[in-house]
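Please look over the model shown below before reading the notes that follow.

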Amino acid sequence: MASIENTGHRGSATVHRADGALPVNAIIAVLGAVGIVVAMMQTLMVPLIPVLPSLLHTHAADASWAITATLLAASVANPVFGRLGDLFGKRRMLLVSGFVLGCGSLVCALSDTLVPMVVGRAMQGLGLAIIPLGISIMRDLLPAKRLIPAMALMSSSLGIGGALGLPLAAAVAQQTNWHVLFWGSTVAVALLMVLVWRVVPESPVRGTGRFDLPGAILLSGGLVALLLAVSKGSTWGWTSTTTLGLGGTAAALLVAWTWWETRAEAPLVDLRTTIRRPVLLTNLASVMLGFAMYTMSLIGPQLLQLPKATGHGLGQSLLATGLWMAPAGIVMMAVSPIAGRLITVRGPKVALLAGSAVISAGYFLAIGLTGSPLGVLLVSVVTSTGVGLAYAAMPTLIMQAVPASEGASANGLNTLMRSIGTSTASAVIGVVLANMTVTFGSTQVPSLAGMHIGFLIGASAALVACLVAIAIPGRLAPTPDVASKPDVALKSDVVLPTPRPSSPRTAEPATAVVSAR
């Protein structure tokens, strides 16, 4: 159906289809735009949180499920869709994920009560699998000199979309009916999926074996139980029967999943690959960086919106808060090509170290810069610069250490690690802010000391990520399709080199015949 061909000029690779030629730039632009829009779904409802109970005609505790459902669905989608993409086609599964996301947005647009809204938000969560699938498509199709900057943009889209989604959602929610948020996302996703179908060819790289349904069920159950305990523990009580029961269930299911994966002929996640030092340490750093990234999203808007009469609040409106936070997303977008260049010249480990250090420095700066909106803006810009550098490095570290046939599932697992980090940040920072309060009128609001403690916790998480990154091997053996990928043509029925298999269970021949028809 399609092929990639390099014309011999710098950056001039094109995709040839029956209806003409499209530049590689179009593939990068479309996948990058899809990643940003999908990531916006994470913060789409944040401005609505205070009024969700009245909008959905329910209680505050129940309304929070509209946020939690997206998180839980995304945790399941990332590893499952990643493996399905490796087996049946990454573009195909990206389109399936996008279709579910669009349908979920439509359900939300038509909802006025809790149950359909939770269903729609869960369907939107399944769309977050698009980002690791897009990174893997880039690895399989793009010429070497375009690959690392493109993956940097796609990986950073998680932060870019999350940062841009907040002001956009605030503006729309404040100026129009809140349903417009979901009508707009429905239309945007539909248009982008059409562009993916028209512009992006299918990856020729395939994994082997069958889909591991028992592994998927065990992992999904374990993740849902774990994230429910983490995200709802502060509401239910950390020592409540429900929270402890979910924690025990999660532990039992994940132990059972580990046992199964080491014995399955075609595991959902090849644990022999994930325990390799570069992959394991990168995933650990990803948890810490997800925590550090989300800390600013939790504290910054509250600090900006608290009334000035509290003594430390900055008294900004919902829309003004969104505008003060918006430059963070723009900065991440601007940093992506710089990060790609740094990775190319100095390696992904250096970019990960630099990003972690910058995030930590930004949070330490926050201790003295929380007295004005401009100071909060400066802190968010500095931390976002670090996030852009660190997030850009992670897919390259993962891709250098796994076979191409496991790229989508490995990236899905890495994205899941970031999500676990953000969920943990929500729980930990939430507990800190809920317990360190001051009285304002008849209510309790987070104190300045509590916010400073939150910033210091975020800085500590980034420092831990920095220490973990130091232990990542500095000189990874290059893989043919990432570190030293030649600018060769990808045409129908050509023979491509494939990386050395990670275990006998995933063994592949030294070369693989690929058909792009």
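## Cysteines

Cys 466 is buried, having a relative accessible area of 15%, where buried stands for under 20% relative accessible area, exposed for over 50% and partly exposed for what lies in between, with a 1.4 Å probe and protein chains only. Cys 108 also counts as buried, at 0% relative accessibility. A disulfide is a covalent bond between the sulfur atoms of two cysteines; when it is taken as a pair of cysteine sulfur atoms within 2.5 Å, the count comes to 0 disulfides.

## Basis of the model

This is a predicted model, in which local features need pLDDT of at least 70 and side-chain atom pairs count only at pLDDT 80 or more, while totals for chains, interfaces and linings use all residues. Residues are numbered from 1 along each chain as its sequence is written, and side-chain values use heavy atoms, with hydrogens and water left out.

## Aromatic rings and charges

Rings of Phe, Tyr and Trp (its six-membered ring) are paired if their centres lie within 6.5 Å, and planes under 30 degrees apart count as stacked, over 60 as edge-to-face and the rest as tilted; the count by this rule is 3 aromatic pairs. One of them is the tilted pair of Trp 65 and Trp 236, with 6.3 Å from centre to centre and 45° between the planes. This pair links distant parts of the chain, since Trp 65 is in helix H4 (residues 65-88) and Trp 236 in helix H10 (residues 213-236), 171 residues apart. Trp 65 is partly exposed at 25% relative accessible area, and Trp 236 is partly exposed at 31%.

The rings of Trp 178 and Phe 182 form an edge-to-face pair, because their planes stand at 90° with the centres 6.2 Å apart, and both residues are buried. A charge sits over a ring if NZ of Lys or CZ of Arg is within 6 Å of the ring centre and within 35 degrees of the ring normal. Lys 232 lies over the face of Trp 65, 4.7 Å from the ring centre, and the charged end of Arg 418 sits over the ring of Tyr 391, at 4.6 Å from its centre.

## Fold and confidence

The chain has 19 helices and 7 strands, which are DSSP runs numbered from the N terminus (helices H or I, at least four residues; strands E, at least two). Buried residues make up 57% of the 517 residues.

The pLDDT, the predictor's confidence in each residue from 0 to 100, averages 81 over the chain, and 87% of the residues score at least 70. Where pLDDT is low, the predicted coordinates should not be read in detail.
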